[in-house]
Every structure is written in C-alpha cells, then in structure tokens.
Amino acid sequence: VYAWVSSFAPPLRDIDCHNLRTYLGLVDLALTRGRISEIEDKATSLLDHASARLDSANRLKDEFVASASHELRTPVTAIAGFAQTMCERWDELDDAQRRKFVTIIHEQATRLIAHVQDLLVTTRIERQGAGAHREVVQLADAVHRAAALLGFSEHELDLDVNVDAVEVNRFVLHETLTRYL
C-alpha cells in the first residue's frame with residue numbers, strides 16, 4: 001500500500017512528517033479524551049446508581065430500626081409496668097389479680113422473645129445474604145422437614161403444598177419455615 005501511495009504522492013519532507021506526526025498525536029489525544037469522557041460518564045452513572053441504592057438501603061435500615069425499637073419497647077414496658085405494680089401493691093392484690101398480672105408478664109415476655117428471635121434471624125440472613133447460594137429446593141419436602149424438626153406429626157399438619165420446587169437460599173427458607181410454622 002505504501003509503495004502504491006508513494007508512487008502518486010510526492011515525497012514527504014521532514015517538516016511534513018513532523019506536522020503529520022503532530023496532527024496524528026492530536027487526533028489520538030482527542031480520541032483518548034473522548035474515551036476518557038465516556039468512561040467518566042459511565043463511572044458517574046454507576047456511582048449515582050450505587051449511591052441511590054445505598055440511600056434506599058439506609059432508609060430501609062432506619063425504618064427497620066424504628067419499627068424494631070417500637071416492637072421491643074412495647075412488651076418491655078408492659079412487663080416493667082406489671083412487675084412494678086405487683087412489687088408496689090402485692091398485699092393489695094388478690095390471687096386472681098396476681099395471676100392475671102403474671103399471665104400478662106408471661107405473654108409479653110413471650111412476645112419479646114419472638115421479636116428478639118426475628119432480629120437474630122434477620123441478622124443471620126443479612127450476614128449470609130438472602131440471594132447468595134440459591135438452589136432449587138422441593139418445597140413440600142422442606143416444609144415437612146421443618147415441621148418434623150418442630151415436633152409436628154404428619155397427621156397434625158394439614159398442609160397442601162401446591163408448588164413443586166422453588167429456587168431459594170436453603171438457609172433462609174429453613175429459618176422462615178421453622179419460625180412461622
């Protein structure tokens with residue numbers, strides 16, 4: 001190609017070569033800057049998207065903490081209130097009132113334990129990543145295994161699982177089933 005072009009074009013002088021090299025260098029620089037600008041635009045877009053997702057996650061975390069605080073504070077307040085009443089007015093309360101107060105304390109303590117367990121499960125799920133290690137699981141088998149683990153017999157459960165298989169994190173499914181069965 002060079003021989004063919006050189007047969008039609010006059011020979012290049014040193015100054016022409018220098019100018020041509022300078023021009024090609026400027027063209028290369030412009031193209032590089034264009035690519036850099038394009039890469040910067042893509043990086044900015046990715047950072048904006050990540051920032052928006054982080055803001056959303058922070059809002060969800062704040063809502064969760066506020067909700068969890070309320071859910072924990074409610075039974076603790078009831079437990080403390082009834083326990084204080086029993087301590088301060090023990091002699092004034094008859095057996096039926098004491099039994100009622102102790103029953104309320106027990107119910108609220110049970111509610112508190114359930115909330116704490118929910119928080120622990122949530123923390124474990126978050127630590128492992130709910131989307132990580134997804135696999136196909138036979139849902140009916142998983143439900144029956146969880147029920148058996150909880151001490152339910154086959155005739156105690158009236159379950160009709162109409163889904164064959166699901167793709168889930170096996171740990172999250174197990175935690176959910178054993179918590180809510």
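## Helices and the surface patch

Helices in this report are DSSP runs of H or I with at least four residues, numbered from the N terminus. The model described here is predicted. Leucine 24 is found in helix α2.

Leu24 also belongs to a nonpolar patch on the surface, together with Leu20, Tyr23, Val27 and Leu31. The accessible area of these residues together is about 470 Å².

## The largest pocket

The volume of the largest pocket is about 170 Å³. Its lining consists of Ala57, Leu60, Lys61, Phe64, Leu119, Thr122, Thr123 and Glu126. Two helices, α2 (14-89) and α3 (95-128), each contribute at least two residues to this lining.

Sorted by class, the lining of the largest pocket contains four nonpolar residues, two polar residues and two charged residues.

## An aromatic pair

A pair of aromatic rings is described by two quantities, the distance of the centres and the angle of the planes. One aromatic pair is present in the structure. Phenylalanine 82 and phenylalanine 101 form this pair, with 4.9 Å from centre to centre and 65° between the planes. The arrangement is edge-to-face, because planes over 60 degrees apart are counted in that class.

## Salt bridges

The structure contains three salt bridges. In one of them, the side chains of glutamate 71 and arginine 111 meet at 3.8 Å, N to O.

Definitions and conventions:
Residues are numbered from 1 along each chain as its sequence is written. This is a predicted model: local features need pLDDT of at least 70, side-chain atom pairs count only at pLDDT 80 or more; totals for chains, interfaces and linings use all residues. Side-chain values use heavy atoms; hydrogens and water are left out. On a 1 Å grid over the protein atoms alone, a cavity is a set of points where a 1.4 Å probe fits but cannot get out, and a pocket is an open set with protein on both sides within 12 Å along at least five of seven lines; lining residues have an atom within 4 Å of a point. Grid points are joined across faces, edges and corners, and a volume is the space filled by probe spheres set on the points. Ala, Val, Leu, Ile, Met, Phe, Trp, Tyr, Cys and Pro count as nonpolar, Asp, Glu, Lys and Arg as charged, and the others, Gly among them, as polar. Patches are made of residues with over 30% relative accessible area and no salt bridge: like charges are joined within 9 Å, nonpolar side chains (Val, Leu, Ile, Met, Phe, Trp, Tyr) within 5 Å. Accessible areas come from the Shrake-Rupley method with a 1.4 Å probe; for residues, only the protein chains shown count as cover. A salt bridge is a side-chain nitrogen of Lys or Arg within 4 Å of a carboxyl oxygen of Asp or Glu. Rings of Phe, Tyr and Trp (its six-membered ring) pair if their centres lie within 6.5 Å; planes under 30 degrees apart count as stacked, over 60 as edge-to-face and the rest as tilted.
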